[in-house]
Amino acid sequence: MIKFRIKISNYACHGINWEAYHELSYFLNLTRFREKDRKAFDRVLNIMNDADTQFSLNRLSWLLEKYYGKQVVVLLDEYGTPMREAWVKGYWDELSGFFRGLFHAMFKTNRHLERAVITGITQTSRESVFSDLNNLKVVTTISGKKYETVFGFTENAVLSALEEFGLSEEKQRVKVWYDGFTSEKCPHIYNPWSILNFLDE
């Protein structure tokens, strides 16, 4: 898996984590890449403007598909965190405008994308940076039985884990502390991060 991180700072996206591009630079030695492909790639490794930055993930998707022969899957985690910070610190307009361009290039017009999963606690809406996208499937804790167990560990899974770790006697304490979610079919959904840390420590 290739991790690609965008660095967000006040009023602009000043750059991207170039490690992903550096790690893949050897791709360009293959004969299937033309000189103009190399130049486009080099723009990301050097000083680039907002448009180059916004299109960089699309270009990376193209590069990966051309090399591996398969479309890419994009996992975007906690997309709302930099947006909340932008709202609080007063650079919402600049950041939201940048993200609209980034998401348009990454999700709307990316021919190399098989699918994407976007996670966060901020609800997507037509007025948000996703307003350009018309094929989103929004899944929340109340989205119905199909998804209700994906937001945490079920009680049976937690009990099995406690038993495996020799901690069956801790069942009630764990239930009081970490049984944080509920749904129609599964009234007891446990916080995964908390359970993993409890088992670890």
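1. Let's start with helix α4: its buried residues are G80, P82, M83 and A86. Here buried means under 20% relative accessible area, exposed means over 50%, and partly exposed is in between (1.4 Å probe, protein chains only). The four cover an arc of only 160° around the axis, which puts them on the same side of α4. That arc is taken from the directions that run from the helix axis to the C-beta atoms. The face of α4 turned away from the buried side carries the exposed residues V88 and K89. After α4 comes G90, with a positive phi near 90°.

2. A word on what you are looking at: this is a predicted model, in which local features need pLDDT of at least 70 and side-chain atom pairs count only at pLDDT 80 or more, while totals for chains, interfaces and linings use all residues. Residues are numbered from 1 along each chain as its sequence is written, and side-chain values use heavy atoms, with hydrogens and water left out.

3. Now for the overall picture. The protein chain has 8 helices and 7 strands; these are DSSP runs numbered from the N terminus, with helices being H or I of at least four residues and strands being E of at least two. Of the 201 residues in the chain, 34% are buried. Among contacts between residues at least 6 apart in sequence, 63% join residues at least 24 apart, where contact means heavy atoms within 4.5 Å.

4. Which residues have the most contacts inside the largest nonpolar core? They are L63, F99, F103 and F107, in a core of 26 residues. A nonpolar core is a set of buried Ala, Val, Leu, Ile, Met, Phe, Trp, Tyr and Cys residues joined through side-chain atoms within 4.5 Å. Two or more residues come from each of α3 (50-68), β3 (72-76), α4 (80-89) and α5 (92-108). The largest share, 7 residues, comes from α5. Leaving aside residues up to four places away in sequence, F107 touches V74, L76, L113, A116, I118 and L133. A second, separate core has 8 residues, including A161, L162, Y190 and F198.

5. Helix α6 (residues 155-164) is worth a look too: V158, A161 and L162 are buried there. Seen down the axis of α6, the buried residues fall within an arc of 100°, so they line one face of the helix. They pack against β5 (153-154), α7, β7 (189-190) and α8. On the face of α6 turned away from its buried side you will find the exposed residues N156, E163 and E164. G166 follows α6 and has a positive phi, near 70°.

6. Do look at F153 in strand β5. Is F153 buried or partly exposed? F153 is partly exposed, with a relative accessible area of 28%. Not counting residues up to four places away in sequence, F153 touches V158, H188, I189, Y190, P192, I195 and L196. F153 and D179 are 26 residues apart in sequence, and their C-alpha atoms are 9.2 Å apart in space.

7. Finally, consider a pair of helices. R173, V174 and Y178 in α7 meet S194, I195 and F198 in α8. The residues of this contact divide into 4 nonpolar, 1 polar and 1 charged. For this count, Ala, Val, Leu, Ile, Met, Phe, Trp, Tyr, Cys and Pro are nonpolar, Asp, Glu, Lys and Arg are charged, and the others, Gly among them, are polar.
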